[in-house]
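Open the model in a viewer and keep the sequence panel beside it. The stops below each give a selection and then what is found there.

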Amino acid sequence: MKAIILCAGKGTRLRPLTYTTAKHLIPVANKPVILYTIEKIKSAGIKEIGIIVSPENRQDFMAALGDGSQYGVNLTYILQEEPKGLAHAVLMAKDFLGDEDFMMYLGDNLIMDDIRPFVKEFEEKKELSALIMLSPVQEPSRFGIAVMEGNKIIKTIEKPKEPPSNLAIIGLYLFRKDIFEGIANIKPSWRGELEITDAIDWLIQHKGTVEGHIIYGWWKDTGKPEDLIEANHKILDEIIEEFKIEGTVEASSVIQGRVSVGKNSEVVNSVIRGPVIIGDNCTISNAYIGPYTSIGNGVMIENCEIENSIVMDEVKISNLSFRIDSSVIGKKVEISENDGKPKGVQIIVGDLSKVIVSR
């Protein structure tokens, strides 16, 4: 079995972060989101992985992930020239997949459950054309929804106004080669895209059995800043177990709870209250770093407080009279405060940025 990870989306809901970084490469707990996906796929015994990329982000993925050997997998990069839908992305991978069964994984989704039982069920039920991972949700109109009879899926509906079910399709699918026949027999939707839900419905009507595999654990589409913060919180809480102090923590500092300090990083006269992860080559001075904060590499934080946030590489934050909370701070951002006159705020931000000041 092979796998494909769909990563050609533009990440519009995460702008301006995604103007310079593909959304799947944004770090959560100091690790790009896509690495959690690769680890999940590898855990199921799949090592041949195709990554569907766009012309704009292909080089970013190749630079970040290489050929996959350092992660114990083989990566192939497959170009989707235009965003014409999930089924179109599958079509672009046809040569890579051949006639093999395959897993399709949406690259910005984080799933905490063990996916090995999902794969095992598909391998044992040879009669299935597809097996789709589902999870009950509170707002089903926001998702693609599956309608079930027993274990069988009898219909899929994309973001229905009046949902007949609360079982969301959460971005993980197992297919046999039949899906290509389904894709060949559908037309673009009103969005101008080839919808994978339409191809699945074609399978249901013409080809064979499609079943759902329901999970009840935590999962998240990391498509918005608040989703990244929630995912960061969850992973720091549950996934990271080995916290190491590889840098220097001076005696004047206080470390409470699970805290990781990277190589060549220095913590001076500060309070770090975990879970917190601090990358390499950072300087934390006269600061408070509160729980559920991830700090990237080469970051300088002094004379300020921050918690429940993601701070990406080479950020500088200094001399703030207010605490930063529930924030995502992109690469090489500088935030500072001074006592100069006249009083005022100087803001230099890019398109679609957001600044909220609470006094």
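Buried means under 20% relative accessible area, exposed over 50%, and partly exposed in between, with a 1.4 Å probe and protein chains only. This is a predicted model, in which local features need pLDDT of at least 70 and side-chain atom pairs count only at pLDDT 80 or more, while totals for chains, interfaces and linings use all residues. Residues are numbered from 1 along each chain as its sequence is written, and side-chain values use heavy atoms, with hydrogens and water left out.

**Whole chain**

Colour by secondary structure. The protein has eight helices and 29 strands; these are DSSP runs numbered from the N terminus, helices being H or I of at least four residues and strands E of at least two. Of the 359 residues, 49% are buried. Among contacts (heavy atoms within 4.5 Å) with a separation of 6 or more, 51% are between residues 24 or more positions apart.

**The largest nonpolar core**

Select Ile34, Ile38, Ile49 and Met103. These residues touch the most other members of the largest nonpolar core, which has 36 residues. A nonpolar core is a set of buried Ala, Val, Leu, Ile, Met, Phe, Trp, Tyr and Cys residues joined through side-chain atoms within 4.5 Å. Elements that each supply at least two residues of this core include strand S1 (2–6), helix H1 (33–43), strand S6 (102–106) and strand S11 (167–175). Apart from this core lies another, of 34 residues, among them Ile78, Ala89, Ile183 and Leu203.

Next, select Met103 and its surroundings. Leaving aside neighbours within four places in sequence, Met103 is in contact with residues including Ile4, Ile41, Val119 and Leu172.

Then pick Thr37 in helix H1. Thr37 counts as buried because its relative accessibility is 0%. Beyond four places in sequence, Thr37 contacts Ile5, Tyr105, Gly107 and Asn109.

**Strand S6 and its partners**

Show S6 with side chains. Five of its five residues are buried. Phe102, Met104 and Leu106 lie on one side of S6, and Met103 and Tyr105 on the other. S1 and S6 run parallel, joined by five bridges, and Leu6 stands opposite Leu106. S6 pairs with S11 in the antiparallel sense over four bridges; the bridge partner of Met104 in S11 is Tyr173. Two strands count as paired if DSSP finds at least two bridges between them.

**Aromatic pairs**

Rings of Phe, Tyr and Trp (its six-membered ring) pair if their centres lie within 6.5 Å; planes under 30 degrees apart count as stacked, over 60 as edge-to-face, and the rest as tilted. Tyr173 is buried at a relative accessible area of 4%, and Phe175 is buried at 0%.

A search of the whole structure finds four aromatic pairs. Now select Phe143 and Trp219, an edge-to-face pair at 5.7 Å centre to centre and 65 degrees between the planes. Phe143 lies in the loop between S8 and strand S9 (144–149) and Trp219 in strand S13 (residues 219–221), so the pair ties together parts that are 76 residues apart in sequence.

**Helix H8**

Select residues 225–238. The 14 residues of helix H8 should span 20 Å at 1.5 Å a residue, and the end C-alpha atoms are 20 Å apart, which agrees; the expected span is 1.5 Å times one less than the number of residues. Buried residues of H8 include Leu228, Ile229, Ile235 and Leu236.

**The parallel sheet**

Which five strands form an open sheet with parallel pairing? Their order is S15-S18-S21-S24-S27. Strand S15 (254–256) and strand S27 (323–325) stand at the edges with a single partner strand each, so one side of each is left without a neighbour in the sheet. In the pairing of S18 with S21, which has two bridges, the partner of Val271 is Tyr288.

**Backbone details**

Finish with the loops. The peptide bond from Gly274 to Pro275 is cis, with omega near 5 degrees, and Pro275 lies between S18 and strand S19 (276–278). Asn269 is not a glycine but has a positive phi of about 45 degrees, and is partly exposed at 39% relative accessibility.
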